[in-house]
Amino acid sequence: MIYKETGQYKSSYKSDHAIFPLLQDKIAFSTLMFVAFLIIPFVINSYWEKAILVPFLIFSLAAIGLNILTGYCGQVSLGTGGFMAVGAFSTYKIMTYFPDMNIMIIILISGLITAAVGIIFGLPSLRIKGFYLAVATLASQFFLVWLFNKVPWFYNYSDTGQITVSERTMFGIPVTGAEAPSYATYLFCLVLVVLLSFAAKNLIRSKMGRSWMAIRDMDIAAEIIGVPPLKTKLSAFAISSFYIGIAGALYFAVFLGAIEVTESFDIMTISFPVLFMIIIGGLGSMLGSFLGAAFVVTLPIGLKFLMVDMVGLSAVTAKHFEITIWGLLMIVFLIVEPHGLARLWSIAKEKLRRWPFPY
Amino acid sequence: MRIKQLLIGMTASVIAVSSYIEMAVADLKFPMLVYRTGAYAPNGIPNADGFVDYYKMINARDGGIGGEKILHPECETGYKTQVGVECYEKNKKDAMVFQPMSTGITYQLIPKATADGVTVYSTGYGRTSAANGKVFKWIFNAPVTYWDGASIAVRHILKQNFGNIKGKKIALVYHNSAYGKEPIRTLETLAKKHGYKLMLLPVDHPGQEQKATWLKIRKARPNYVLMWGWGVMNQVAIKSAASIKFPMENFIGIWWSGSENDVLPAGQGAHGYKSLTFNAPGTNYQVHKDIKKYVHDKGEASGDGSHFGTVLYNRGLFQAMVQVEAAAVAQKIHGTSKITPAMYRDGMENVNLSAKRLEELGFKDFAPPFKNSCENHGGSGLAAVQQWDAKTKKWNMITEYMYGDSDVVQKLIAEDSSKYAAEQKIAERCN
């Protein structure tokens, strides 16, 4: 009943190609946008901002980036942390060199710089595939983190290797630094995420996205029908890195404010969690990127809340449980629903379509 | 059906979360950021136990501070910055003071806590230049800073060489993070002053992999090795030093690299290893008797109670004592037992732990006296050297508490804090 498409006629190609062809989806999406833009900014507090919403938005962006590369183009990457570090350090360097530049422009430039770095590290993908590529990107992760820690120029010769953001404003309201109000940082991230997700969604439906998928499904066949592997793979690396770079820039400038590269962009804090996000969320699905990010960001906090604040376990026992539950969930997910949360959602949609008269 | 239940459950939990956060707290809240899991747990656990036991003892013996009970909710960070931020945001409302126990989280909290008006007390760690109270209003790092520590270590080496260490080689094995990098500039400045050669050997997080580091030491044969390590890195370093037969009495760790957990795994090999400290080891103090009587004997010891009297446990006691004392001072200044976070900061700034006051608190000869002031948030700058005796399994103090090279350190602090003040547009106070 709920997802009935009966009676929704498409009379033009344009309406048939809409991102949300179903009326129900359109309504749901508009409601979501309404809540996100017009309700949350008024009720948000700093806990929801710093612990849940801003990290969720930033990791969604990183997950979209990795999903473009891994989910759509089939190139496994473990270098997410390294690329996010590129975004963060570009932002820092540009910020200190051009104190008057608008933060939005700085962040977009950082994305472009990361895209360039992504192309360089994407070059081996033309020769190596699968696990071997994963190892090559792993090398990029370690190399980039090492580089930003080793060369003092990147952190402006500070004694500790820490980089700290200074205050930047949009329309007179601070969006970076400790004084930035919760709604401002949240809206800043939200606007970037919404715009970039639409761009990604449309890119995936364009010629470029289809050639990525052709390469993913069978690269030799794709080459034979005229998809150039060089251009396709490198464009996937570039665009994926662009998104990850912006995520890294926001992670540094808006979310944490002060960063130390070895700790904040460690493989265990960024690269693997983002890979889990797209695996849990769903490889090759935009919705999956968001669901995965939401799951990975909120699960530890939710479990902690449930066990420590509701049940009253001690913090350390709860942590041990959390680690165990996390591991179990990963295994259960991979066995029960290897296509991720996005697939669960489409099953739910199917069910809702027939509800309350399933057959 | 299941989806519906799930949705109801989710909404309920969302409402519950938000109502929990809004909940107001009475009493005095001292939130604890601890790490009893992860690579740094061996050092995080005894320290956290010291804190909890002291708070429990104050609640049981004195009925709290000035009649106000101490609340000490724990939040497990696993030494991770991002989790630390979550813990801070969750607990910052009405919080008196945060003790992050991690240099990374401290750096993270300095701007946030300053904006929110919450005191951060990083006891002998964190950002060294926070000792300058003119710039860092809400941040305290008494009683001693890393730069003091580095110069005290060099002073100790100088003493052993009768004041001349020209041409000697000193290696610094450090945790490759903000924490480990802290002493480098001081050691470089001192190298110029005293004419020794400095060798820098970074060890990456978490510190298990040190083969290359110690191979280099074996080849270069430095006369002394200093260490800025934490967690599992300490154990591995001391074991590696023992296995290459490095003379242990020439191996000096910072105060975070000198606990029982760090030396025990190396067995007899660790005999003679030295570390700095700003508090005494052992259980021969009034405070230990009180904790035994009011907490341990009632079966309420934090954790398994096995860390009683160890170096890091005692340091936890010291840290907790300063935090509690600051609340008591604030109550006296403002004439009310119900102090606000802003009043608490005034208390911390006027803490005066004289020898007499330390004795009253049950800490006689436990640590050197120190006091904070508007300009000085860094305390006395005193630390001593302790040495490990592997046969009796005990740390022994082998020197008096001594000052670092305050000419060098004060200059560096002024330089770094004024750089920070310019960056963040902070006007100097206390003028």
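One caution before that. This is a predicted model.

Chain B, then. What is its secondary structure? It comes to 15 helices and 17 strands. The C-alpha trace spans about 70 × 60 × 45 Å along its principal axes. How does the radius of gyration fit a compact globule? For 431 residues, such a globule would have a radius near 22 Å, and chain B has 22 Å, so the two agree. Of those 431 residues, 57% count as buried. Now look at the contacts in chain B between residues at least 6 apart in sequence. Of these, 70% join residues at least 24 apart.

The contact between them draws 27 residues from domain 1 and 29 residues from domain 2. Which elements build the domain 1 side? In chain B, α2, α4 (103-116), α12 (311-334) and α15 (406-424) each supply at least two residues there. The largest share, five residues, comes from α12(B). By class, that side of domain 1 has 16 nonpolar, eight polar and three charged residues.

Stay with α2(B) for a moment. This helix covers residues 41-61 of chain B. Just after α2(B) comes Gly63(B), with a positive phi of about 65°.

Now the chain A to chain B contact. Chain A gives 32 residues and chain B gives 37. On the chain A side, several elements give two or more residues. They are α3 (46-72), β4 (258-260), α11 (261-264), α13 (286-311) and α14 (315-336) of chain A. The residues on that side divide into 10 nonpolar, 14 polar and eight charged.

Where is it? Gly104(B) sits in helix α4 of chain B. Buried or exposed? Gly104(B) has 27 other C-beta atoms within 10 Å, and the cut-off for buried is 20 or more, so it counts as buried. What does Gly104(B) touch, leaving out residues up to four places away in sequence? In chain A, Glu260(A) and Glu263(A). In chain B, Thr81(B), Ser177(B) and Ala178(B). Take Ser177(B) from that list. Gly104(B) and Ser177(B) are 73 residues apart along the chain, yet their C-alpha atoms are separated by 8.1 Å.

On to a strand. β8(B) runs over residues 169-175, and six of its seven residues are buried. Seven bridges join β8(B) to β9(B), residues 197-203, and the two run parallel. In that pairing, Ile170(B) stands opposite Leu198(B). β8(B) also pairs with β10(B), residues 224-228, in the parallel sense over five bridges. There, Ala171(B) has Val225(B) as its bridge partner.

Last, the backbone. Chain B has a cis peptide bond from Ala142(B) to Pro143(B), with omega near 5°. Pro143(B) is in the loop between β7 (139-140) and α5 (146-160) of chain B. A cis bond also joins His205(B) and Pro206(B), with omega about -5°. Pro206(B) is in the loop between β9 and α8 (211-220) of chain B.

Then positive phi outside glycine. Tyr157(A) has phi near 60°. Tyr157(A) is in the loop between α6 (130-150) and β1 (162-164) of chain A. With 8 C-beta neighbours inside 10 Å, Tyr157(A) counts as exposed. Lys425(B) has a positive phi of about 55°. Lys425(B) lies in the segment after α15 of chain B. Lys425(B) has 8 C-beta neighbours inside 10 Å and so counts as exposed.

That is the tour. Over to you.

Technical notes: Residues numbered from 1 in each chain as written. Chains lettered and ligands numbered in written order. Predicted model: local features only at pLDDT ≥ 70, side-chain atom pairs only at ≥ 80, totals over all residues. Helix = DSSP H or I, 4+ residues; strand = E, 2+ residues; numbered from the N terminus. Expected span 1.5 Å × (residues − 1). Contact = placed C-beta atoms within 7 Å. Nonpolar A, V, L, I, M, F, W, Y, C, P; charged D, E, K, R; others polar. Rg over C-alpha atoms; globule rule 2.2 N^0.38 Å. Buried ≥ 20, exposed ≤ 12 C-beta atoms within 10 Å, placed from the backbone. Pairing = 2+ DSSP bridges.
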